[in-house]
Amino acid sequence: MFRDVSACNTYNYGDSLYWDARYIQEANCGSFDWYQRYVALRPFVRKYVPTTSRVLMVGCGNALMSEDMVKDGYEDIMNIDISSVAIDMMRRKYEHVPQLKYMQMDVRDMSFFPDEAFHSIIDKGTLDSLMCGNNAPISAAQMLGEVCRLLKPGGVYMLITYGDPTVRIPHLSRPVYNWKIELYIISRPGFQRPANSTASANSFLEPVPVNEKGQLPADYVLEDPDSHFIYICKKADELTYLSNPDPLTADDIL
């Protein structure tokens, strides 16, 4: 249920052994950013993540995004990844950059961190990886429950994903999280807008209207069929959160 397999293959992307082997094999290939580089995501990051935020970058891999954010003025970024190989590599690379910290950790269990430890959490492809792994709905619920726990009231979880609302909103909109969700859609790198396009050059900077179920309107047309989706999930402030303490049930997970 809700396991979108269109972009999945036979690999278990939720397994640390897979990622350790991959980072060893690609050790000489340089850094790799999934989906989008920071230059394309910067308008959204700067809008929703203050430079003074304590940021958690989940599934950091060997991407340059955290480095680029530090160059852009961000002061405190904790990076985690399930792969000890990736974390060791990044620790060595950035040992002289005090704004960047690295820890090996599974996003499904981040109990090392106390509740409400971060102002902002950024996820570029990590939830997608879990959705391609074994026990995908349970893994997704475990991860998102931890993300919600770690966010301060008013904090933001920014999810960059290939998953459109039909496969992501059912996971993100559970009452227990009590998130206010905004959706943006951004074309893949290198996409050329059709000459007859009526969309403005800056239209991607505007939230996409969704229906009452959080889904795209039936007549909405993606200019780029391989677009990426950015979900801005804002955690309610403490008073609102306490007024809606619905627990996560077995039906929510299964």
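**View 1. Gln-36 sits in the loop between α1 (16–25) and α2 (38–48).** Helices here are DSSP runs of H or I with at least four residues, strands are runs of E with at least two, and both are numbered from the N terminus. Gln-36 is buried, with a relative accessible area of 3%; buried means under 20%, exposed over 50%, and partly exposed in between (1.4 Å probe, protein chains only). A polar atom of the Gln-36 side chain lies 2.9 Å from the backbone oxygen of Ser-187. Contacts (heavy atoms within 4.5 Å) of Gln-36 include Leu-41, Lys-124, Arg-188 and His-228, leaving aside residues up to four places away in sequence.

This is a predicted model, where local features need pLDDT of at least 70 and side-chain atom pairs count only at pLDDT 80 or more, while totals for chains, interfaces and linings use all residues. Residues are numbered from 1 along each chain as its sequence is written, and side-chain values use heavy atoms, with hydrogens and water left out.

**View 2. Arg-188 pairs up with Asp-224 in a salt bridge.** That term takes a side-chain nitrogen of Lys or Arg within 4 Å of a carboxyl oxygen of Asp or Glu. The closest N and O atoms of Arg-188 and Asp-224 are 2.1 Å apart. Both residues lie in the loop between β6 (179–186) and β7 (228–235), so the pair ties together parts 36 residues apart in sequence. Arg-188 is partly exposed at 33% relative accessibility, whereas Asp-224 is buried at 1%.

**View 3. Arg-168 and Asp-128 make another of the twelve salt bridges.** Here the closest N and O atoms are 2.8 Å apart. Arg-168 belongs to helix α7 (residues 165–172) and Asp-128 to helix α5 (residues 126–131), 40 residues apart. Both partners are buried.

**View 4. Helix α6 is mostly covered, with eleven of its 15 residues buried.** Among the buried ones are Ala-140, Met-143, Leu-144 and Val-147. Within α6, Arg-149 and Glu-146 lie three residues apart, about one turn of the helix, and form a salt bridge with closest N and O atoms 2.8 Å apart. Arg-149 is partly exposed at 21% relative accessible area; Glu-146 is buried at 12%.

**View 5. The largest nonpolar core has 36 residues.** Such a core is a set of buried Ala, Val, Leu, Ile, Met, Phe, Trp, Tyr and Cys residues joined through side-chain atoms within 4.5 Å. Its largest share, seven residues, comes from helix α6 (residues 136–150). Leu-56 is one of the residues with the most contacts inside this core, and Leu-56 touches Ile-80, Phe-113 and Leu-150, among others.

Terms used. A polar contact is a pair of N or O atoms within 3.5 Å; within protein, one must be able to donate a hydrogen and the other to accept it, and residues adjacent in sequence count only if both atoms are side-chain atoms.
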